[in-house]
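I opened the model today to look up its core, its helix packing and a few single residues. My notes are below.

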Amino acid sequence: MIIDCHGHYTTAPAAHEAWRKAQIDAGGDPAAMRGNEAPVISDDEIRESLEKTQLRLQRERGTDLTIFSPRAGGMGHHIGTEATSLQWSRICNDLIKRVCDLYPNNFVPVCQLPQSPGVSPSNSIPELVRCVEELGFIGCNLNPDPSGGHWTDPPMTDPWWFGIYEKLEELDVPAMIHVSQSCNPNFHFTGAHYINADTAVFMQLLKSDLFVRFPRLRLIIPHGGGAVPYHWGRYRGIAIDMKRPEPAALMADNLYFDTCVYHQPGIDLLADVVPVDNILFASELHGAVRCANPDTGRFFDDTRQYIEANTSLSAEDKEKIYYRNTLKVFRTLKLPAAMEG
């Protein structure tokens with residue numbers, strides 16, 4: 001069994017993106033969209049958007065189930081107001097729910113939150129509760145920088161965030177730490193902003209006692225943990241200097257990295273330095289890198305190939321990465337009947 005913990009609806013029907021453009025063109029004012037509260041998208045359009053992309057790639061690459069969320073770059077929390085973000089988030093989450101209802105053996109839903117710069121993350125709790133308790137979502141994406149590359153809100157270890165953490169513990173669902181588009185020209189969004197955010201949040205956590213305060217909180221840092229595995233000795237040394245828990249001890253049952261790393265040496269390094277119990281299989285399908293490696297002819301984001309080729313991981317280790325760790329993190333995930341047993 002292989003569960004991909006990190007998939008985005010990057011191929012949503014054109015009407016979905018057209019609605020978002022209209023919302024932005026209207027100044028982000030939900031009232032201006034009255035009479036056009038949601039895009040009209042048929043089930044056949046959803047099927048068409050998936051059959052030749054995500055579903056085809058699932059079959060070709062031999063993965064079984066994708067934990068699926070709205071397009072991360074499309075969350076756009078820096079656009080408009082809190083009301084803008086709420087309207088857009090509900091539309092995105094409702095569309096994800098439709099996908100998962102149409103393909104319950106292939107996709108399981110994770111939601112985006114209606115965050116906005118300068119607005120308490122606790123204001124996103126009602127949408128989180130709606131998605132988890134009413135719609136059956138098993139987690140959320142949590143943006144550490146709703147400003148889009150300007151980092152105007154407090155660090156994720158600040159009490160500013162505690163309300164959302166309390167609710168995540170109560171609901172028993174994890175959050176993937178995931179930024180959206182960068183509106184800062186210094187930071188390309190997938191090549192810099194994403195990796196910067198992953199690394200920055202890890203350092204925030206290393207300096208804090210967040211998991212002492214929230215012992216049941218489970219966070220996933222995607223994209224292989226950003227720069228952390230490559231600089232594991234740096235972070236270990238900083239922790240020792242500060243008399244803090246070392247990185248492996250910090251992660252324990254609270255913090256996980258995924259395998260969205262697109263070359264063999266990167267996966268080998270990740271598997272060598274990060275505890276195997278804290279690694280979740282993922283490919284970011286269908287996401288940041290869509291081309292094939294000219295040296296091998298295989299797609300960069302076909303991450304299973306790197307796990308299979310790694311010689312230091314035992315069969316038991318690979319089983320943990322492929323699905324056992326994911327089931328431990330996403331505790332409310334109910335496997336499709338076809339995958340049980």
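These entries go from the ground rules to the core, then to helices and single residues.

**Ground rules.** I am reading a predicted model, where local features need pLDDT of at least 70, side-chain atom pairs count only at pLDDT 80 or more, and totals for chains, interfaces and linings use all residues. Residues are numbered from 1 along each chain as its sequence is written, and side-chain values use heavy atoms, with hydrogens and water left out.

Buried means under 20% relative accessible area, exposed over 50%, and partly exposed in between, with a 1.4 Å probe and protein chains only. The core has 85 residues, and Tyr-165 and Phe-202 touch the most other members. Helix α6 (residues 162-171) gives the largest share, five residues. Helices (H or I, at least four residues) and strands (E, at least two) are DSSP runs, numbered from the N terminus. I then listed the partners of Tyr-165, with contact meaning heavy atoms within 4.5 Å. Beyond four places in sequence, Tyr-165 is in contact with Leu-142, Met-156, Leu-210, Phe-214 and Leu-217.

**Helix α6.** How many residues of α6 are buried? I found eight of ten, so α6 is mostly covered. Among the buried ones are Phe-162, Lys-167 and Glu-169. Their cover includes α5, β5 (140-142), β6 (175-177) and α8 (210-213). Just after α6, Asp-172 takes a positive phi of about 60°. Asp-172 is not a glycine. It lies in the loop between α6 and β6 and is partly exposed, at 26% relative accessible area.

**Helix α2.** I checked which residues of α2 (residues 43-51) are buried: Ile-46, Ser-49 and Leu-50. They cover an arc of only 90° around the axis, so they sit on the same side of α2. The arc is that of the directions from the helix axis to the C-beta atoms. These buried residues pack against β1 (3-9), α3 (54-61), β2 (65-70), α4 (82-102) and β3 (107-109).

**α1 against α4.** At what angle do α1 and α4 pack? I read about 175° for α1 (residues 14-25) and α4, with the axes 11 Å apart. That makes the two helices roughly antiparallel, a label for angles over 145 degrees. Axes are lines fitted to C-alpha atoms, for helices over the stretch in contact, and angles run from 0 to 180 degrees between N-to-C directions. From α1, the contact uses His-16, Trp-19, Arg-20 and Gln-23. From α4, the contributors include Trp-88, Ile-91 and Leu-95. I sorted the residues of this contact into five nonpolar, four polar and one charged.

**Single residues.** I looked up Gln-58 in helix α3. Gln-58 is buried, at 2% relative accessibility. Leaving out residues up to four places away in sequence, Gln-58 touches Thr-63, Asp-64, Leu-65, Thr-66, Asn-106, Phe-107 and Leu-285.

Ser-122 sits in the loop between β4 (111-112) and α5 (125-134). I get a relative accessible area of 26%, so Ser-122 is partly exposed. Not counting residues up to four places away, Ser-122 touches Gly-163 and Ile-164.

Is Lys-243 buried or exposed? I find Lys-243 exposed, at 74% relative accessible area. Lys-243 lies in the loop between α9 (232-241) and α10 (247-251). Its phi is near 55°, positive in a residue other than glycine.

Definitions and conventions:
A nonpolar core is a set of buried Ala, Val, Leu, Ile, Met, Phe, Trp, Tyr and Cys residues joined through side-chain atoms within 4.5 Å. Angles under 35 degrees count as roughly parallel, over 145 as roughly antiparallel, 65 to 115 as roughly perpendicular and the rest as oblique. Ala, Val, Leu, Ile, Met, Phe, Trp, Tyr, Cys and Pro count as nonpolar, Asp, Glu, Lys and Arg as charged, and the others, Gly among them, as polar.
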